[in-house]
Amino acid sequence: MENINEKWIEEVLQSAKGMHPAAVDPYLLTGIEARVQQLKRKLVVEQIPLYWVLAAAAAIGLLLVLNISLLRNEASPSKKSSLQELVQEYGWNNSDFYTMNDSK
Amino acid sequence: MLNFRDDAVAFRAFILEHQTRVFNAVLNKVQHVQDAEDITQEVFIDVYRKPEAYRGEAAVSTWLYRIAMNKCIDHLRKKQRRRGGTATGEKEPMDFVHPGIVAENREKARFLYKAMRQLPDKQQTAWVLSEMENLSYKDIGEVMNLSLSSVESLLFRARQNLKKILSGLSKNE
């Protein structure tokens, strides 16, 4: 009985010998290539230098501050900037050239 | 150097050359077709991402086996944690038999795979590489970063443990 059991165990241990390789799903290659494409895009994003990101952020911040300050100036008409006073004084805000010529 | 970043054709050829070997080793280790496919994909993505990891000291196939086996161990540990971590848990893996096992051995192989699941990580890896992938002791040593004598003793212990587990299984079935 013991011998039969040992023989069976030995056969089990040898049962994987001579197995054939399993065929690989043809979509495996497609899947790898798709993931490589994703990775390439990610690598491009990672390659943008930090300097450029900071410079772009600074430029956006500057534009934002300028916009806010201009909007504040427009919101309070009583406070005219020196530039606006100059424009009004010389009539540069009038785009009608013919009228200007007539007045002369 | 194995840098495929600028050569999609060479990378495709490389995958086609090695995918069957990697997939079959992984399949024997994780005993799950879908998981084996996912891990095989990850192995080749790693090759693409970190080509500098291959220093040319061993054969490319040895390096691929090393990446594959490490990924399998990580995967099996995660799976084990998930199974233990939830109350309902995942079900025990179904009985697995590699599709390439010859028909008359399939029933016996079912016991072999079941017993292999109970081996410690290193013994299981050494067994897969030696008995299923037919790697030499030297190659197994390179894959697992072990000396020749360590590989020998690991395989001896794996065989002893499998015999013990199988004698238990034969009494229960």
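I began with chain A, whose secondary structure comes to five helices and zero strands. Helices here are DSSP runs of H or I of at least four residues, strands are runs of E of at least two, and both are numbered from the N terminus. Along the sequence, chain A reads α-α-α-α-α.

I noted the ground rules next. The model is predicted: local features need pLDDT of at least 70, side-chain atom pairs count only at pLDDT 80 or more, and totals for chains, interfaces and linings use all residues. Residues are numbered from 1 along each chain as its sequence is written, and chains are lettered from A and ligands numbered from 1 in the order in which they are written.

**Burial in chain A**

I looked up burial for chain A: buried residues make up 8% of its 104 residues. A residue is buried if 20 or more other C-beta atoms lie within 10 Å of its own, exposed if 12 or fewer, and partly exposed in between, with C-beta atoms placed from the backbone.

**Chain B overall**

I turned to chain B, which comes to seven helices and zero strands. Its pattern along the sequence is α-α-α-α-α-α-α. Of its 173 residues, 31% count as buried.

I checked the overall dimensions. The C-alpha atoms of chain B fill a box of roughly 55 × 40 × 35 Å along the principal axes.

Among contacts between residues at least 6 apart in sequence, 61% join residues at least 24 apart. Two residues are in contact if their C-beta atoms, placed from the backbone, lie within 7 Å.

**The interface**

I counted 32 residues of chain B in contact with 22 residues of chain A. On the chain B side, H1, H2 (33-49), H4 (106-116), H5 (121-132) and H7 (148-172) each supply at least two residues. H1(B) gives the largest share of that side, eight residues. By class, the side of chain B that touches chain A has 16 nonpolar, 10 polar and six charged residues. Ala, Val, Leu, Ile, Met, Phe, Trp, Tyr, Cys and Pro count as nonpolar, Asp, Glu, Lys and Arg as charged, and the others, Gly among them, as polar.

The axes of H2 (residues 27-47) of chain A and H1 (residues 8-30) of chain B come within 11 Å and cross at roughly 140°. Axes are lines fitted to C-alpha atoms, for helices over the stretch in contact, and angles run from 0 to 180 degrees between N-to-C directions. H2(A) and H1(B) are therefore oblique to each other. Angles under 35 degrees count as roughly parallel, over 145 as roughly antiparallel, 65 to 115 as roughly perpendicular and the rest as oblique.

The crossing of H2(A) and H1(B) is right-handed. A crossing is right-handed if the near helix is turned clockwise from the far one by less than a right angle, and left-handed if anticlockwise. H2(A) contributes A:Leu28, A:Leu29 and A:Ile32 to the contact, and H1(B) contributes B:Arg12, B:Ile15, B:Leu16 and B:Gln19. By class, this contact has five nonpolar, one polar and one charged residues.

**B:Leu112**

I picked B:Leu112, in H4 of chain B. With 26 C-beta neighbours inside 10 Å, B:Leu112 counts as buried. Leaving out residues up to four places away in sequence, B:Leu112 touches A:Val12, A:Leu13, A:Ser15 and A:Ala16. I also took the C-alpha separation of B:Leu112 and B:Gln123, 11 residues apart along the chain, and got 14 Å.

**H5 and H6 of chain B**

I looked at a pair inside chain B. H5(B) and H6 (residues 137-144) pack at about 140°, with axes 10 Å apart. These two helices, H5(B) and H6(B), are therefore oblique to each other, and their crossing is right-handed. The contact takes B:Lys122, B:Thr125, B:Ala126, B:Leu129 and B:Ser130 from H5(B) and B:Ile140, B:Val143 and B:Met144 from H6(B).

**Positive phi**

I found B:Gln31 in the loop between H1 and H2 of chain B. Its phi is near 55°, positive in a residue other than glycine. B:Gln31 is buried, with 20 other C-beta atoms within 10 Å.

B:Asn134 sits in the loop between H5 and H6 of chain B, and phi of B:Asn134 is near 55°. With 10 C-beta neighbours inside 10 Å, B:Asn134 counts as exposed.
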